[in-house]
Amino acid sequence: MALPQGSGSYSVAKAAEWNMTNGVRVELAEQKTLVQGVHLGAADTDMMAGIDGPKIDPADVARASLDGVQAGAIEVLVDDPSRFVKAALSADPAQLYGDPSGN
């Protein structure tokens, strides 16, 4: 699978944001502030207009986030790609890259 130019740095920025969210959550926990991370694969927005592949409706992201706020959820995994990535974090990272020989 060919990744779009710049996707590596975009992924690094997303990982940093995820970590920042977790850190801010810890800092604000004592004052009972809900810091919610909302994670998704791709939404049908102008930013993703040139990317082929499945995209979810941004309204679905907003609904999932608001449902999460109502439930007190600190993290919302909106779609299957975000759930896959979250589950893969505790797995062998080699499974994300496939066969290195290209077969």
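Arginine 63 and aspartate 60 sit three residues apart in helix α2, so about one helical turn separates them. The two form a salt bridge, their closest N and O atoms being 2.5 Å apart; the term stands for a side-chain nitrogen of Lys or Arg within 4 Å of a carboxyl oxygen of Asp or Glu. Arginine 63 is partly exposed at 48% relative accessible area, and aspartate 60 is partly exposed too, at 35% (buried means under 20%, exposed over 50%, partly exposed in between, with a 1.4 Å probe and protein chains only).

All this comes from a predicted model, in which local features need pLDDT of at least 70 and side-chain atom pairs count only at pLDDT 80 or more, while totals for chains, interfaces and linings use all residues. Residues are numbered from 1 along each chain as its sequence is written, and side-chain values use heavy atoms, with hydrogens and water left out. The chain's pLDDT (the predictor's confidence in each residue, from 0 to 100) averages 87, and 87% of the residues score at least 70. Helix α2 (residues 58-71) has the highest confidence, at 97, and helix α3 (residues 80-88) the lowest, at a mean of 88.

Along the sequence, the pattern runs α-β-α-β-α, giving three helices and two strands (DSSP runs numbered from the N terminus: H or I of at least four residues for helices, E of at least two for strands). Of the 103 residues, 18% are buried.

Back in α2, its 14 residues reach 20 Å from first C-alpha to last, close to the 20 Å expected at 1.5 Å a residue; that expected span is 1.5 Å times one less than the number of residues. Val61, Ser65 and Gly68 are buried here. They cover an arc of only 60 degrees around the axis, which puts them on the same side of α2 (the arc is that of the directions from the helix axis to the C-beta atoms). Leu66, Asp67, Gln70 and Ala71, on the other side, are exposed.

The structure holds three salt bridges. In another of them, lysine 86 meets glutamate 75 at 2.9 Å, N to O. This pair links distant parts of the chain, with lysine 86 in helix α3 and glutamate 75 in strand β2 (residues 75-77), 11 residues apart. Aspartate 80 and arginine 83 also pair up, at 3.0 Å, and they are about one helical turn apart in α3 because three residues separate them.

Finally, the loop between α1 and β1 holds lysine 32, which has a positive phi of about 65 degrees although it is not a glycine. Lysine 32 is exposed, at 74% relative accessible area.
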